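Here is a short briefing to keep beside you while you turn the structure around on screen.

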Amino acid sequence: MKIMVKAKGDDGERDIAFSIHLPLSILKMNFVWNQIASKTQNTYFPVDIPGKEIYRVLKTYIKENGHLTIVDVDTKDAKVKIVI
């Protein structure tokens, strides 16, 4: 999993660009899903699905179809992309 952020700085400031590489196996950890569920109280979130099951499904999908882009936002000031 890769998170890429590129943001343009204000006048006289440098642009910000960084990329974070995370192993897909981090999705196996239930505390990650519990944190996401606690932050999204007003929306439906399938907490009943264990993290290991989500990891297995994503791993199979990536083997068959290749990586997929979850978020791709491009504005005049910044660009954010999350690829699994």
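The notes below take the chain as a whole and then its charged side chains. Please keep in mind that this is a predicted model. The protein chain has two helices and four strands, and 15% of its 84 residues count as buried.

**Overall layout**
- Along the principal axes, the C-alpha atoms of the protein chain fill a box of roughly 50 × 35 × 20 Å.

**The negative patch**
- Asp10, Asp11, Glu13 and Asp77 together form a negative surface patch.
- To find Asp10, look in the loop that runs between strand S1 (2-7) and strand S2 (16-21).
- Asp10 has a relative accessible area of 55%, and because this is over 50%, Asp10 counts as exposed.

- Lys52 is exposed, its relative accessible area being 61%.

**The salt bridge**
- Side chains of opposite charge can pair when their charged atoms come close.
- In this model the count comes to one salt bridge.
- Its partners are Arg56 and Glu53, whose closest N and O atoms are 2.5 Å apart; this pair qualifies because a salt bridge needs a side-chain nitrogen of Lys or Arg within 4 Å of a carboxyl oxygen of Asp or Glu.
- Both Arg56 and Glu53 belong to helix H2, and they are three residues apart, about one turn of the helix.
- Arg56 is partly exposed at a relative accessible area of 46%, and Glu53 is also partly exposed, at 34%.

**Asn34 in helix H1**
- Asn34 is found in helix H1, which spans residues 30-39.
- With a relative accessible area of 44%, Asn34 is partly exposed, since that label covers values between 20% and 50%.
- Asn34 and Gly51 are 17 residues apart along the chain, and their C-alpha atoms are separated by 9.8 Å.

Notes
Residues numbered from 1 in each chain as written. Predicted model: local features only at pLDDT ≥ 70, side-chain atom pairs only at ≥ 80, totals over all residues. Heavy atoms only, no water. Patch = residues over 30% accessible without salt bridge, like charges linked within 9 Å, V, L, I, M, F, W, Y side chains within 5 Å. Areas by Shrake-Rupley, 256 points an atom, 1.4 Å probe, with all protein chains shown as cover. Lys, Arg positive; Asp, Glu negative; His and termini not counted. Charge placed at Lys NZ, Arg CZ, Asp CG, Glu CD. Buried < 20%, exposed > 50% of the residue type's maximum accessible area, 1.4 Å probe, protein only.
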